[in-house]
Amino acid sequence: MHGRANLTAMRLMDACEHLLCEAEALEDLTARRIAIEANATPSAIAYHFGSQEELVAAVAERVYRRLNAERLRLLQKAIDRRAPDPPNLEEVIAALVGPSIRWSLDPTSSYPVLSHFTSMAKTHREQAPHYRRIIDNVEHHRAFIPHLKRIAPWLDEVDIGWRLNCALGIRSQVTRSRSRTEVLTNYRMNLDDPEIVITRMVEVIAPMFRRIA
């Protein structure tokens with residue numbers, strides 16, 4: 001019975017993720033649509049997750065773990081490439097910002113789940129602890145700090161944490177405000193090519209971690 005219950009919960013999560021990826025707006029997602037897609041009943045959502053909102057949070061957390069796993073895999077690749085020396089600064093920054101950029105430009109990725117969840121969290125973040133658990137989780141970002149410290153030993157952890165947060169702000173601004181970026185670059189930058197966007201972003205962020213002459 002326990003295995004069957006877990007299977008139903010997994011089907012609900014898969015259905016919710018699929019529908020969120022197709023939805024233009026969060027309002028398009030309903031318990032009935034999720035239940036039909038999962039071959040379950042709407043009451044199963046409340047039974048397994050407590051509410052539709054908590055189901056969306058569970059799905060977002062699962063997607064976010066996949067994104068962070070890719071980020072940490074690229075970081076480890078950069079570390080291994082130069083070991084025992086410090087990793088290449090540009091590679092570390094690309095590992096930090098690259099997955100989000102690639103996912104946001106890939107129509108087959110589950111990035112829309114994170115976009116919808118972020119919109120939902122802006123409204124309910126203070127009321128629901130599961131929003132804080134996901135949005136405020138920075139352990140995968142903190143994993144970059146010791147390696148950036150090796151690259152830039154003249155910076156302390158506060159300096160590196162501050163610069164890291166600024167780098168993430170640049171990434172978020174680019175992924176969420178495409179129209180503004182297009183206007184400010186006079187529509188002359190190919191924002192559909194993730195590698196171009198990542199390269200240009202690394203060019204802006206890397207000097208934050210270099211010693212000023």
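Tutor: What follows is a set of questions and answers on a predicted model.

Student: What is the secondary structure of the protein chain?

Tutor: The chain has 12 helices and 0 strands. Read from the N terminus, the elements run α-α-α-α-α-α-α-α-α-α-α-α. The C-alpha trace spans about 65 × 40 × 30 Å along its principal axes.

Student: How many of the contacts in the chain link residues 24 or more positions apart?

Tutor: Taking the contacts with a separation of 6 or more, 69% are between residues 24 or more positions apart. As for burial, 39% of the 213 residues are buried.

Student: Why are α5 and α10 called roughly parallel?

Tutor: Two packed helices are described by the angle between their axes and the distance between the axes. Here the axes of α5 (residues 89-105) and α10 (residues 157-176) come within 10 Å and cross at roughly 10 degrees. Angles under 35 degrees count as roughly parallel, and therefore α5 and α10 are roughly parallel to each other.

Student: Which residues meet where α5 and α10 are in contact?

Tutor: From α5 there are Leu96, Val97, Ser100, Ile101 and Ser104, and from α10 there are Leu164, Ala167, Leu168, Arg171 and Thr175. By class, the residues of this contact are 6 nonpolar, 3 polar and 1 charged.

Student: What makes Ser119 partly exposed?

Tutor: Its relative accessibility is 45%. Buried means under 20% and exposed means over 50%, with partly exposed in between, so Ser119 counts as partly exposed. Ser119 is placed in helix α6 (residues 111-124).

Student: How far is Ser119 from Asp192 in sequence and in space?

Tutor: Ser119 and Asp192 are 73 residues apart in sequence, and their C-alpha atoms are 23 Å apart in space.

Student: Is Asn39 buried or exposed, and how do you know?

Tutor: Asn39 has a relative accessible area of 66%. The cut-off for exposed is over 50%, so Asn39 is exposed. Asn39 lies in the loop between α2 (31-38) and α3 (42-49).

Student: What is noted about the phi of Asn39?

Tutor: Asn39 has a positive phi of about 55 degrees, although Asn39 is not a glycine. Asn186 also has a positive phi, of about 55 degrees, and is not a glycine either. Asn186 is found in the loop between α11 and α12.

Student: Which peptide bond is described as cis, and what is its omega?

Tutor: The bond from Ala83 to Pro84 is cis, with omega near 5 degrees. Pro84 is in the loop between α4 (52-82) and α5.

Student: How much space lies in the second largest pocket, and which residues lie nearest its centre?

Tutor: The second largest pocket holds about 230 Å³ of space. Its lining has 13 residues, and Ile170, Val174, Thr181, Thr185 and Met189 lie nearest the centre.

Student: Which elements give two or more residues to that lining?

Tutor: They are α10, α11 (178-184) and α12 (194-205). Among these, α12 gives the most, with 4 residues.

Student: What classes of residue make up the lining of the second largest pocket?

Tutor: The lining divides into 7 nonpolar, 4 polar and 2 charged residues.

Note on methods. Residues are numbered from 1 along each chain as its sequence is written. This is a predicted model: local features need pLDDT of at least 70, side-chain atom pairs count only at pLDDT 80 or more; totals for chains, interfaces and linings use all residues. Side-chain values use heavy atoms; hydrogens and water are left out. Axes are lines fitted to C-alpha atoms, for helices over the stretch in contact, and angles run from 0 to 180 degrees between N-to-C directions. Angles under 35 degrees count as roughly parallel, over 145 as roughly antiparallel, 65 to 115 as roughly perpendicular and the rest as oblique. Contact means heavy atoms within 4.5 Å. Ala, Val, Leu, Ile, Met, Phe, Trp, Tyr, Cys and Pro count as nonpolar, Asp, Glu, Lys and Arg as charged, and the others, Gly among them, as polar. On a 1 Å grid over the protein atoms alone, a cavity is a set of points where a 1.4 Å probe fits but cannot get out, and a pocket is an open set with protein on both sides within 12 Å along at least five of seven lines; lining residues have an atom within 4 Å of a point. Grid points are joined across faces, edges and corners, and a volume is the space filled by probe spheres set on the points. Buried means under 20% relative accessible area, exposed over 50%, partly exposed in between (1.4 Å probe, protein chains only).
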